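Reader: Before we discuss any term, please show me the model, and then let me ask what lies behind each label you use.

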Amino acid sequence: MQISAKADYAVRAMLELAAHGPELVKATILIDHQGLPRKFVETILVDLRRAGLVCSQRGADGGYTLARPATEISLGAIIRAVDGPLAEVRGLRPHETAYSGAAEHLPDVWVAARASLRRVLDETSLAQALSGRLPAHVRKLAESPEAWLPR
């Protein structure tokens with residue numbers, strides 16, 4: 001899996017909103033605190049608003065805030081809001097793939113990979129990522145020395 005820049009920026013912007021919440025936060029705060037490119041953030045905030053993850057208020061005192069508590073927003077929901085499905089194979093969802101011959105069982109692997117992503121990203125809330133109190137199964141994966149090795 002490759003996490004896109006857009007997904008990374010979206011999660012970081014949402015973490016800033018969670019850290020400053022419930023008060024309104026100007027886009028410039030998100031940009032400055034996380035060192036994000038302005039154009040990306042503007043597009044991302046539109047996507048997050050459309051997905052019902054942030055609310056915006058216009059005007060001099062305006063800004064952005066989370067639409068729901070950070071405990072109710074998963075990292076998976078944020079990534080889907082800006083990038084679409086968590087796992088795709090040539091533009092298809094893993095369960096939509098079908099192969100014959102030697103590759104006939106490959107869809108099972110793709111579906112399992114998606115399930116693994118869901119288990120981490122959908123079961124980790126914005127609040128948990130902000131506090132560092134990750135779910136036990138996520139922490140166990142992250143604490144494995146092998147997880148940090150490049151391959």
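Reader: How do you know where the positive and negative charges of the protein chain lie on average relative to each other?

Author: The mean positions of the 19 positive and 17 negative charges are 2 Å apart. Lys and Arg count as positive and Asp and Glu as negative, while His and the chain ends are not counted, and each charge is placed at NZ of Lys, CZ of Arg, CG of Asp or CD of Glu. This is a predicted model, in which local features need pLDDT of at least 70 and side-chain atom pairs count only at pLDDT 80 or more, whereas totals for chains, interfaces and linings use all residues. Residues are numbered from 1 along each chain as its sequence is written, and side-chain values use heavy atoms, with hydrogens and water left out.

Reader: Why is Thr97 called buried?

Author: Buried means under 20% relative accessible area, exposed over 50%, and partly exposed in between, with a 1.4 Å probe and protein chains only. Thr97 has a relative accessibility of 7%, and therefore counts as buried. Its place is in the loop between α4 and α5 (106–121), helices (H or I, at least four residues) and strands (E, at least two) being DSSP runs numbered from the N terminus.

Reader: Which label do Arg90, Arg119 and Phe40 receive, and why?

Author: Arg90, in the loop between α4 and α5, is called exposed because its relative accessible area is 64%. Arg119, in helix α5, has 45% and is therefore partly exposed. Phe40, in helix α3, has 33%, so Phe40 is partly exposed as well. Not counting residues up to four places away in sequence, Phe40 touches Ala5, Lys6 and Tyr9, while its C-alpha atom is separated by 42 Å from that of Ala102, 62 residues apart along the chain.

Reader: What makes a set of residues a nonpolar core, and which members of the largest one touch the most others?

Author: A nonpolar core is a set of buried Ala, Val, Leu, Ile, Met, Phe, Trp, Tyr and Cys residues joined through side-chain atoms within 4.5 Å. Of the 29 residues in the largest core, Met14, Leu17, Leu48, Leu66, Ile73, Ile78 and Leu126 touch the most other members. Two or more residues each come from α1 (5–20), α2 (27–34), α3 (38–50) and α4 (75–83), and the largest share, eight residues, comes from α1. Leaving aside neighbours within four places in sequence, Leu126 is in contact with residues including Val11, Met14, Leu66 and Ile78.

Definitions and conventions: Contact = heavy atoms within 4.5 Å.
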